[in-house]
Amino acid sequence: MRKTSAVLATLSLAVLTLTGCASAPSFAGDVCDRAGASTPSVKDSVSVEGDLGEAPDVTVYSPVKADETSFADVIIGEGNTLTSTSQPMVLDIAFYGGESGEKLYESEFNGDPSRVHSISYWAERSEGLETVLECATGGSRIVAVLTPEDFGEANVEAFGLAKDENVVAVVDLQDVYLAHAEGASQFNDARGLPTVVRAPDGTPGVIIPDSDAPTEAVTQTLIKGDGAKVEKDSTIVTNIMALGWDDKTVTSSSWGAEPNIGPAAEELVGATVGSQLLVVVPEADGNPATAIVVDILGIVPVPEQ
C-alpha cells in the first residue's frame, strides 16, 4: 500500500470531499446548566432499579402525561460533559410506552465499549434525545419523557402508539470522550511546516506554507494531553482533518460528523489522550503530499471477558 494511503487507512479516516472546515455544533458557549434545564418530577413517573450499564428493571407509573420533552438525572456521573452534538459517547437506552408501560425497545446493555456514537446519531433516530443528552456527563443515568413529536412520527407508527402517547426513556450514559484535544501547547521550532489554529470548539484551521512539502514524513505534537498513552494495539477515538499540501484544500474531515474509531496508526503510538498531532506525509507513488491533524479523544477499553 502506498505510504499516504496507508497512513489515512490506519487512521481510519472516513473520506469526505470538502472545500472547507465544518465546525461541530456546540451548545451555547459550552456553558452547561443541566440542573436548571431538568425536571425533577420526571423521576416520579418511573421506578428504575439495577446497576448502571446493566439492563434496568423499570416500572412505569402509567399513564405518563407531558406537554413537552423533559428529563431528570437519576445518577449524575463524574465523567466528561457532552458539549457538542458530534462528541463521541457510549450509551444504552430503553423506551417504554407512556400509556401501557410496556417496553418498546432496549439496546444491548452488554458493556461493549466500542459502540461509540454521538448525540447527532441518536437524535436522527429520536429527535428529543438531543434535549435529553445536552450537557450530560459520563456515568449518568437519565430518565426522560418524550412527546410523540420528539420521539419521532416513524417510531410512533412503528410501535403502534397512539398519536398523543408519550414515551418514557431510560438512558445509561456509559462514557463520554473528549470533544477536542485538551492539554499543554507544545513549542515546535521546525520551519516550513503547516500552522494549526483552532476555533473555540476545537475545529482546526490549517495554514500550509508556500514552500515545498518535506521529503520525509514528519510528526509533531501540537498539544500534549495528560490522558492514557496510545499503545501499538490500541483502538482509539479521534477527530481528523487532512489537506492536500499543494492545493491547500481540505480533502477529508471527521469534524462535525460521526466519531472516528480504529486501530492506532504507527505515527500515533506513544501519544497521550487529549493530544493533537500534525502528521505530514510526503508525496509518494503519485500520491500528493498530505498534512493531517489528529485529535486523540480517547482509547476504547478492551471488553472484560
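**Disulfide, backbone and voids**

Modeller: The link of cysteine 32 and cysteine 135 is left-handed, with -75° about the S-S bond. The pair bridges distant parts of the chain, 103 residues apart, with cysteine 32 in the loop between α1 (3-10) and α2 and cysteine 135 in the loop between α4 and β7; helices (H or I, at least four residues) and strands (E, at least two) are DSSP runs, numbered from the N terminus.

Colleague: Where do these coordinates and numbers come from?

Modeller: This is a predicted model, in which local features need pLDDT of at least 70 and side-chain atom pairs count only at pLDDT 80 or more, while totals for chains, interfaces and linings use all residues. Residues are numbered from 1 along each chain as its sequence is written, and side-chain values use heavy atoms, with hydrogens and water left out.

Colleague: Back to the sulfurs, then: how many disulfides does the structure hold?

Modeller: The structure holds one disulfide, a term used for a pair of cysteine sulfur atoms within 2.5 Å. In the link between cysteine 32 and cysteine 135, the S to S distance is 2.1 Å.

Colleague: Is cysteine 135 buried or exposed?

Modeller: Cysteine 135 is buried, with a relative accessible area of 8%, whereas cysteine 32 counts as partly exposed at 30% relative accessibility. Buried means under 20% relative accessible area, exposed over 50%, and partly exposed in between, with a 1.4 Å probe and protein chains only.

Colleague: Changing topic, which residues other than glycine have a positive phi?

Modeller: Cysteine 135 is one of them, with phi near 70°, and aspartate 285 has a positive phi of about 55°. Aspartate 285 lies in the loop between β16 (276-281) and β17 (290-299), and at 59% relative accessibility aspartate 285 counts as exposed.

Colleague: And which peptide bond is cis?

Modeller: The bond from serine 62 to proline 63 is cis, with omega near 0°, and proline 63 is found in the loop between β2 (57-60) and β3.

Colleague: What is the volume of the second largest cavity, and what lines it?

Modeller: The second largest cavity has a volume of about 40 Å³, and its lining includes Ser86, Thr238, Glu258 and Leu297.

Colleague: What about the largest pocket?

Modeller: The largest pocket has a volume of about 240 Å³. Of the 14 residues that line the largest pocket, the closest to its centre are Gly111, Asp112, Pro113, Pro301 and Pro303. At least two residues of that lining come from each of β4 (89-97) and β8 (167-176).

Colleague: And the second largest pocket?

Modeller: The second largest pocket has a volume of about 200 Å³. Of the 13 residues lining the second largest pocket, Arg34, Ala35, Ser38, Asp73 and Ile76 are the closest to its centre, and α2 (34-37) and β3 (70-75) each supply at least two residues of the lining.

Technical notes. 1 Å grid on protein atoms, 1.4 Å probe; cavity = no way out; pocket = protein on both sides within 12 Å on 5 of 7 lines; lining within 4 Å. Points joined across faces, edges and corners; volume = space filled by probe spheres on them.
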